[in-house]
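My notebook is open, and I would like to walk through this model with you. Here is the structure I looked at.

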Amino acid sequence: MKKLFSYISKILLNPIFLGCILIISILGGALGAASSASLGFLSAPFAYISIPSETLYVFKGDSFLINFFNRALTNTFLMSLLGIVVLLIISKIATQNMKIIPSGIQNFIEFVIEAMYNTCKKIAGEEKGKIFFPLVMTIFLFIVVSNWIGVLPGTGTIGRIETAEEYCHHQKEKNNLGHDVDFNIYKRNGNLSSTLFGFGAAQYKIKSSDPSLFNHVNNEICSQDWLDLEFEKAKQIKAEELSTNNFDENYQAGILVPFFRGANSDINTTLALALCAMISIHFWAFKYLGLFGHIGKFINFKNGPINFFVGILELVGELAKIISFTFRLFGNIFAGEVLLFAMAFLLPLIGIIPFLGLELFIGLIQGLIFAMLTLIFATISTVEHNSDEH
Amino acid sequence: MEGDILNIGAGLAIGLGAIGPGIGIGMLGAKAMEAIGRNPEAVGTIQTNMILGIAFAEAIAIYALVVAILIKFV
């Protein structure tokens, strides 16, 4: 068994083998597809990049719970629930049979938690560190776990095809018309479709430019006939290009709605985290400084007009903290996702591997930064500051 | 035509927006290396603070990136 393992690893790490994979990936990817029609056998259509998270299911009904929460189950929300489940399972396994001298996963979890606990106590002091620690650690674990499960293969690539007609209908409901969307042609395989490994890929795109698609015939949004016509044309062109005619009813035009998408690539998740962090920070500030002690930092009449304006600037700074918390995490994770899409499109087999490593690193660093900034802001805002001294 | 100008705008947004943070991160890294060279025992503290500083500088590049993404895709 061990011999077989070392044999396999020898093959995988062989430079000739790696070179072959590189050449295959270059020929099979977008570069090959651009140079010759017969190449590009591995290329998947470039994934549709949407900034809002895609809706998987809309709850119907009129009960209080449904009205209170969002009606739409989005793929990023599903992913954050998955992250919570993963965390629950890990903590259950780690605490199943605890020993005084820890080993295995219990040891690892204790190491992580102890490192963060010591950092908290070092930065915020013995007493406050204990109070800030739960929130800081929760933020860290949630962000890191949801970032890491967001780079697993299958996120963003496996999903349902939203047909062109359906897409236009949704856009009309949201009153969000006039976009230029490239619909890909996908092979239908039941309800499931996938762009993974180029499965079901057909590279021809129906380009919908406004206003021809959205206000086509008599102001009727997205007339079915027009879409069908355009789709037939696209299929014909593609079939001529490949000199085959294997496009039958199993192909349809649309965009891929992935089932899973990294939780922090949705701006709502990061905004929620930022609001949680900032509300807790202000709660602690009120607790330690008192009502007037904390408000006095922002609305300050005592030390002349300059300090009054400094106070106003601090108030703006508090809002800027929320915005920078939100956009730092969202921007990093979303840009990472787009980067992975682009690399999977350009160099299908091999190009994505170094960037997966980069994404894992960025996921960890962003979680650490969010947690540390929460800790530091909490520490700063609970310290009484004496403006008389300088 | 409009799409071309949008593409140029998106490229300029991230390209120009990355200059400042690039300089900032370079200076942070250089100073941190200098500090580690002078006082190798303080590697841990210096590294943590450097990463925090880089995060602040990087946030500005991320704003530019978000603007570029908004121009390109929304």
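**Ground rules.** I took helices (H or I, at least four residues) and strands (E, at least two) as DSSP runs, numbered from the N terminus. I am working with a predicted model, in which local features need pLDDT of at least 70, side-chain atom pairs count only at pLDDT 80 or more, and totals for chains, interfaces and linings use all residues. I number residues from 1 along each chain as its sequence is written, and letter chains from A and number ligands from 1 in the order in which they are written.

**Entry 1: the annotated spans of chain B.** I started from the record: an unreviewed UniProt entry annotates residues 6-30 and 51-71 of chain B as "transmembrane region". Positions are given in the numbering used here, feature names are shortened, and such annotations may be inferred rather than shown by experiment. I then looked up the model over these spans. Residues 6-30 of chain B are 96% helix and 0% strand, with end C-alpha atoms 36 Å apart. For residues 51-71 of chain B I found 100% helix and 0% strand, and 30 Å between the end C-alpha atoms.

**Entry 2: L28(B).** I picked out L28(B), which lies in helix 2 (residues 19-38) of chain B. Is L28(B) buried or exposed, or something in between? L28(B) counts as partly exposed because it has 18 C-beta neighbours inside 10 Å. (Buried takes 20 or more other C-beta atoms within 10 Å of a residue's own, exposed 12 or fewer, and partly exposed is in between; C-beta atoms are placed from the backbone.) Leaving out residues up to four places away in sequence, I see L28(B) touching M50(B), G53(B), I54(B) and A57(B). A contact here needs C-beta atoms, placed from the backbone, within 7 Å. I also checked L65(B), 37 residues along the chain from L28(B): their C-alpha atoms are 21 Å apart.

**Entry 3: chain A overall.** I counted 13 helices and 7 strands in chain A. Of its 390 residues, 30% are buried. Taking contacts in chain A between residues at least 6 apart in sequence, I found that 71% join residues at least 24 apart.

**Entry 4: helix 13 of chain A and its partners.** Helix 10 (residues 267-289) of chain A packs against helix 13 of chain A at about 25 degrees, with the axes 9 Å apart. I used axes fitted to C-alpha atoms, for helices over the stretch in contact, and angles from 0 to 180 degrees between N-to-C directions. The angle makes helix 10 of chain A roughly parallel to helix 13 of chain A; angles under 35 degrees count as such, over 145 as roughly antiparallel, 65 to 115 as roughly perpendicular and the rest as oblique. On the helix 10 side I listed A277(A), I281(A), W284(A) and A285(A), and on the helix 13 side T374(A), F377(A), A378(A) and S381(A).

Helix 6 (residues 105-124) of chain A crosses helix 13 of chain A at roughly 30 degrees, the axes coming within 10 Å. That makes helix 6 of chain A roughly parallel to helix 13 of chain A too. Here C120(A), I123(A) and A124(A) meet L375(A), I376(A), A378(A) and T379(A).

**Entry 5: where the chains touch.** How many residues does each chain bring to the contact? I found 12 from chain A and 12 from chain B. On chain A, helix 12 (304-346) and helix 13 (352-381) each supply at least two residues. Helix 12 of chain A gives the most, with 6 residues.

Key
Two residues are in contact if their C-beta atoms, placed from the backbone, lie within 7 Å.
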